[in-house]
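Trainee: I am new to this structure. Please show me how to read it, one feature at a time.

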Amino acid sequence: MFLTPDTTITSDLLNGVLAARGIEFHAGDTGIVQGRWASWVLTGLPTAAISTLRRASEDLEIALGVDAVVLTVERGRVTLSIARRDWQAAPLVLPAPGTLLFGHGITGDAVTGTLEDLPHLLVCGASGSGKSVALHCILRSLAALPASDMNLILIDTKFLEFAPYNGLKHIYTHGHEVITDHMAAARFFTEAVGVMERRYREGPKKYKPIVIVVDEFADLISGPMGTYIQEKTLQLAQKARAAHMHLILATQRPSVKVLPGDLKANIPSRLTLKTATAVDSRVSMDANGAEKLLGKGDGFYLHNGKLTRLQVPFATAADVIKVAQ
Ligand SMILES: Nc1ncnc2c1ncn2[C@@H]1O[C@H](COP(=O)(O)OP(=O)(O)O)[C@@H](O)[C@H]1O
Ligand SMILES: [Mg+2]
């Protein structure tokens with residue numbers, strides 16, 4: 001059973017906990033509840049109290065019985081947000097077709113992007129952190145476009161997540177099949193590079209986007225065609241943007257073998273879910289912190305050098321298929 005924040009914690013409790021630490025503030029009676037997070041805008045807070053609060057965040061977690069306390073200061077507005085693992089993520093609300101919804105920020109703002117401004121995406125996180133759910137969520141945005149405007153290449157050599165997509169009209173392969181075989185994956189990477197080069201020769205125009213989505217990228221790279229696919233992936237990451245081709249790669253093991261520096265450098269946009277270690281967090285988003293995330297879609301989105309904490313909405317393959325029809 002999931003709980004929602006407003007039923008288990010009140011502003012009174014928060015007031016009491018802060019007052020006990022000598023911090024007086026005036027929060028509204030009810031916080032803003034957004035999925036897993038509940039937030040209170042703190043007004044009349046002296047600057048010194050902000051640093052006291054930051055230092056006390058771990059104590060506050062214990063005192064409030066929550067799993068995360070985050071203090072954000074944006075344009076002079078101080079917001080205290082709390083989350084618990086067992087609070088339910090917000091349901092998926094579909095944005096405009098073609099807009100990618102990555103999740104919702106702590107106070108509820110939608111965190112979105114477009115293929116043009118990505119142009120590629122790396123999704124990292126430990127097993128069970130919510131990578132595949134995040135891919136379904138992104139695919140739902142892409143499949144909301146008519147199949148005549150969007151081509152997908154879906155690769156899942158671990159046979160885990162993409163099977164329900166077999167037959168989806170947006171899939172570029174013969175028979176609209178998900179690729180589960182290493183040799184077939186290698187052939188499609190060769191073909192994708194060929195399409196990219198042809199588009200380059202033909203010059204800039206509005207090409208139909210081709211999005212290559214790989215779940216369990218590490219499995220592909222450690223497989224029999226790994227070195228070859230690694231090479232093709234790098235060529236695509238370096239040049240495919242102008243050809244309207246995009247890579248979305250999810251991996252549990254963000255090791256140097258799977259994500260060498262030159263590949264990472266060409267995929268600056270990252271969605272990092274809970275990682276197993278601080279080292280994995282740094283490989284994935286160049287900073288610590290992802291190892292302390294709560295799991296189940298609690299993540300950081302790194303784009304243009306800015307890190308935004310967000311909650312990925314829950315989505316399944318069935319949701320994607322529904323919008324595609
Ligand atoms: N955004 C989310 N909201 C709610 N629950 C989630 C979310 N992401 C993942 N989960 C839960 O965690 C489980 C594992 O997620 P999954 O995407 O399969 O992890 P991964 O692919 O990283 O191994 C899901 O089956 C679901 O129960
Ligand atoms: Mg998965």
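**Reading a strand and its sheet**

Mentor: This is a predicted model. Start with strand E8, which is covered on both faces. Asn151, Ile153 and Ile155 are buried on one side. Leu152 and Leu154 are buried on the other.

Trainee: How many residues of E8 are buried?

Mentor: Five of the five are buried, so E8 is largely enclosed by the rest of the structure.

Trainee: How do strands of a sheet pair?

Mentor: They pair through backbone hydrogen bonds, either parallel or antiparallel. Here, E8 runs parallel to E9, with five bridges between them. Leucine 154 faces valine 213 of E9. Together with helix H6 (residues 182-202), E8 and E9 form a right-handed β-α-β unit.

Trainee: What is the strand order in the open sheet?

Mentor: The nine strands run E6-E5-E13-E12-E11-E7-E10-E9-E8, with mixed pairing. Strands E6 (110-113) and E8 (151-155) are the edges, and each pairs on one side only. From one strand to the next, the twist averages 25 degrees.

Trainee: Which strand do four bridges join to E7?

Mentor: E10 (residues 245-251), which runs parallel to E7 (residues 121-124). Cysteine 124 is opposite threonine 251 in E10.

Trainee: Which residues come nearest to ligand 1?

Mentor: Gly130, Lys131, Ser132, Val133 and Gly297, of the 14 around ligand 1. The shell has five nonpolar, seven polar and two charged residues.

Methods:
Residues are numbered from 1 along each chain as its sequence is written. Chains are lettered from A and ligands numbered from 1 in the order in which they are written. This is a predicted model: local features need pLDDT of at least 70, side-chain atom pairs count only at pLDDT 80 or more; totals for chains, interfaces and linings use all residues. Two strands pair if DSSP finds at least two bridges between them. Helices (H or I, at least four residues) and strands (E, at least two) are DSSP runs, numbered from the N terminus. Axes are lines fitted to C-alpha atoms, for helices over the stretch in contact, and angles run from 0 to 180 degrees between N-to-C directions. A residue is near a molecule or strand if its C-beta atom, placed from the backbone, lies within 6 Å of it. Ala, Val, Leu, Ile, Met, Phe, Trp, Tyr, Cys and Pro count as nonpolar, Asp, Glu, Lys and Arg as charged, and the others, Gly among them, as polar. A residue is buried if 20 or more other C-beta atoms lie within 10 Å of its own, exposed if 12 or fewer, and partly exposed in between; C-beta atoms are placed from the backbone. A crossover is right-handed if, with the strands pointing away from the viewer, the path from the first strand over the helix to the second runs clockwise.
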